[in-house]
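Here's a quick tour for anyone opening this structure for the first time. Have the sequence and the 3D view ready, and we'll go through it topic by topic.

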Amino acid sequence: SAASSVPLVSSLYYDWTKRAQRVDHPAGAYECVHFYDVTDVGCTLYFLEDGMYRVLPTTSTATTTPKSAKPSCCLDLDGVGPPPPDWATQANGTFTKMMIDEYSEFTAYEWIFDHVVRPPGVPPMIRMSDSNNKGSRESSSKPPVETCHTYRELALVGEPLLFTFPDEAGDGRQDFHFDAISMVVGPQDASLFELPGGCEGVRCDARGDEEDTPVGFALNHRS
């Protein structure tokens, strides 16, 4: 979570053969609180071929409070689907170094995506200096603005260890850390990517902030 230095544990499921990705966020996660005003429970994001769906538990006050009731499941963002397996190659990241990932303590390769094409009107990405980047995750003050993604993977193995989302709004950087030990590669149960009944094609109400977008492990999120 960008708003806190306390780590929260989410689960990510991915199956490119189904063109699907799912992220289960716990209560208190930045995505649930900031984008959907849900504080009492977690939220789930489905990245499918027609876009990104968000699902809120029916027990949430966000879906049961009459004045502000939201649909428990709806299509939030058109065209924001799962990243392809070769997303990193397509994005043409800049290799920076081999280093020790401070969170996992594993040896990692690091890339920054300082050449990713930005939508019209969005400023070009710039990389933070190493001196500015030190300690930003645990700092109690806001870190300097960082406007490019960073990716780390387990050296010689290729499993992801870290993906960061830039601090373009000055609200703090979001870091997604991946637990290489718990990662399981293999066939996924198709039911993991099935939307709740009556959800497909149902659109969410406008949030009133077109610049804010929830994020998953993808480079094609709208920012």
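Let's start with two strands: β1 and strand β2 (residues 20-25) run antiparallel, and 5 bridges join them. Keep in mind that this is a predicted model. From that strand pair we'll move on to the sheet, the cores, the aromatic rings and the charged pairs.

**The sheet**

- β1 and β2 belong to an open sheet of 5 strands, laid out in the order β1-β2-β3-β4-β5 with antiparallel pairing.
- At the edges you'll find β1 (11-15) and β5 (73-78); each has a single partner strand, so one side of each has no neighbour in the sheet.
- On average, neighbouring strands here are turned by 15° against each other, ignoring direction.

**The nonpolar cores**

- The largest nonpolar core has 15 residues, and Tyr36, Val38, Phe47 and Met52 are the ones touching the most other members.
- Two elements give two or more residues to this core: α1 (30-36) and β3 (43-48).
- Of the elements, α1 gives the most, with 4 residues.
- There's also a second, separate core of 10 residues, and among them are Tyr46, Tyr53, Val55 and Phe193.
- Back at Tyr36, have a look at its ring: Arg54 lies over the face, 5.4 Å from the ring centre.

**The aromatic rings**

- How many aromatic pairs does a search of the whole structure find? The count comes to 9.
- One of these is Phe95 with Tyr109, an edge-to-face pair with 6.1 Å from centre to centre and 65° between the planes.
- Phe95 sits in strand β6 (residues 94-100) and Tyr109 in strand β7 (residues 107-113), so this pair ties together parts that are 14 residues apart in sequence.
- Tyr109 also pairs with Trp111: the ring centres are 6.3 Å apart and the planes stand at 85°, so this pair is edge-to-face.
- Is Phe95 buried, exposed or partly exposed? Its relative accessibility is 44%, so Phe95 counts as partly exposed.

**The salt bridges**

- Side chains of opposite charge can pair when their charged atoms come close.
- This structure holds 6 salt bridges.
- In one of them, Asp24 and Arg22 meet through their side chains at 2.8 Å, N to O.
- Asp24 is buried, because its relative accessible area of 18% is under 20%.
- Arg22 counts as buried too, at 17% relative accessibility.
- Another salt bridge joins Asp78 and Arg203, with the closest N and O atoms 2.8 Å apart.
- Asp78 belongs to strand β5, while Arg203 is in the segment after β10 (174-177), so the pair ties together parts 125 residues apart in sequence.
- Arg203 counts as exposed, with 51% relative accessibility.
- Glu110 and Arg152 form a salt bridge as well, again through their side chains (2.8 Å, N to O).
- That pair links distant parts of the chain, with Glu110 in strand β7 and Arg152 in strand β8 (residues 149-154), 42 residues apart.
- Buried or exposed, Glu110 and Arg152? Both Glu110 and Arg152 are buried.
- Glu110 and Arg152 are also part of a network of salt bridges that links them with Asp101 and Glu102.

Technical notes
Residues are numbered from 1 along each chain as its sequence is written. This is a predicted model: local features need pLDDT of at least 70, side-chain atom pairs count only at pLDDT 80 or more; totals for chains, interfaces and linings use all residues. Side-chain values use heavy atoms; hydrogens and water are left out. Rings of Phe, Tyr and Trp (its six-membered ring) pair if their centres lie within 6.5 Å; planes under 30 degrees apart count as stacked, over 60 as edge-to-face and the rest as tilted. Buried means under 20% relative accessible area, exposed over 50%, partly exposed in between (1.4 Å probe, protein chains only). A charge sits over a ring if NZ of Lys or CZ of Arg is within 6 Å of the ring centre and within 35 degrees of the ring normal. Two strands pair if DSSP finds at least two bridges between them. Axes are lines fitted to C-alpha atoms, for helices over the stretch in contact, and angles run from 0 to 180 degrees between N-to-C directions. A nonpolar core is a set of buried Ala, Val, Leu, Ile, Met, Phe, Trp, Tyr and Cys residues joined through side-chain atoms within 4.5 Å. A salt bridge is a side-chain nitrogen of Lys or Arg within 4 Å of a carboxyl oxygen of Asp or Glu.
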